[in-house]
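Reader: I'm new to this one, so could you show me the structure and walk me through a pocket and some ring contacts?

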Amino acid sequence: MPATIAWVSDGEQAKPRRRRGRRRGRRAAGPANPTAADAATTETSDATVASPTPSSGNGQPRPGKPGRPRSSRRAPARLRTVHETSAGGLVIDGIEGPPETQVAALIGRVDRRGRMLWSLPKGHIEQGETAEETAIREVAEETGIRGQVLAALGSIDYWFVTEGRRVHKTVHHYLMQFSGGELCDEDVEVTEVAWVPVGELPKRLAYADERRLAEVAGELIQLLQSDGVAALPPLPRTTPRRRPQTHSHTRNRRSDDAGPRQSGPRTNGCGPGT
């Protein structure tokens, strides 16, 4: 009798029997009622593992590291920004004569390095003043020279930090004609005052912006001599300042008891114009 072969499909194959036991991640089931000794042993073991005591090489416990103190530094305070406006002028004596006879009134200040820096006289616009009025007043206060405004030279603006403030300053400059007075360094902020030939202004002026203004002044003087005052560009319209403004520094004057003032010519050029 031929043998009979029974085919078993994959779905009918016997699957391996799963063994019962503890699952991963679970602790093995212990006795229902552990003895007191076993419980004490378990608690002691858990406590030992949970809080190990560091020790040094000689068996002594190592001292704990002190906590790092928090930094007491604070973010730097933000500086308050203020806007200041000033005005000044380039006063020319002999403006109607030949270039070699023309001189300009400059002021000199000594910087922190001990250098003498020459610049144009200027100062803050006070409440109720126009820029032109401020230019006339500041030139007279810093140099002793009276001048008449002829034309605008241009404006310069720059930034600096002082007294905990960030200052944005704008200075309006004017071309002025000498009308009287004598050079005098009465202002304590001014070290020297002097008449400087117009041809030497590019070498004498310390700041590049003011040297460019001197070039503009030379062009206006040529226009004035060739075509007259009417040919000069009209002055920009300005209005009196309505509110007082902050001052980046305090201006002081010499007191009357500072000693007698020197009269006559001085080494700083004190005296009338040409």
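Author: The second largest pocket is lined by Pro99, Gln102, Val198, Gly199, Leu201, Pro202, Ala214, Glu215, Gly218, Ile221, Gln222 and Gln225. A pocket here is an open set of points on a 1 Å grid over the protein atoms alone, where a 1.4 Å probe fits, with protein on both sides within 12 Å along at least five of seven lines, and lining residues have an atom within 4 Å of a point. This is a predicted model, in which local features need pLDDT of at least 70 and side-chain atom pairs count only at pLDDT 80 or more, while totals for chains, interfaces and linings use all residues. Residues are numbered from 1 along each chain as its sequence is written, and side-chain values use heavy atoms, with hydrogens and water left out.

Reader: Which element gives the largest share of that lining?

Author: That is H4, with six residues; helix H3 (201–204) and helix H4 (208–227) each supply at least two, helices being DSSP runs of H or I with at least four residues.

Reader: Switching to rings, what is the geometry between phenylalanine 178 and tryptophan 195?

Author: There are two aromatic pairs, counted when ring centres lie within 6.5 Å. In the pair of phenylalanine 178 and tryptophan 195, the centres are 5.7 Å apart and the planes stand at 80°, so the pair is edge-to-face, a label for planes over 60 degrees apart.

Reader: And is tryptophan 195 buried or exposed?

Author: Tryptophan 195 is buried, at 16% relative accessible area, where buried means under 20% with a 1.4 Å probe and protein chains only.

Technical notes
Rings of Phe, Tyr and Trp (its six-membered ring) pair if their centres lie within 6.5 Å; planes under 30 degrees apart count as stacked, over 60 as edge-to-face and the rest as tilted. Buried means under 20% relative accessible area, exposed over 50%, partly exposed in between (1.4 Å probe, protein chains only).
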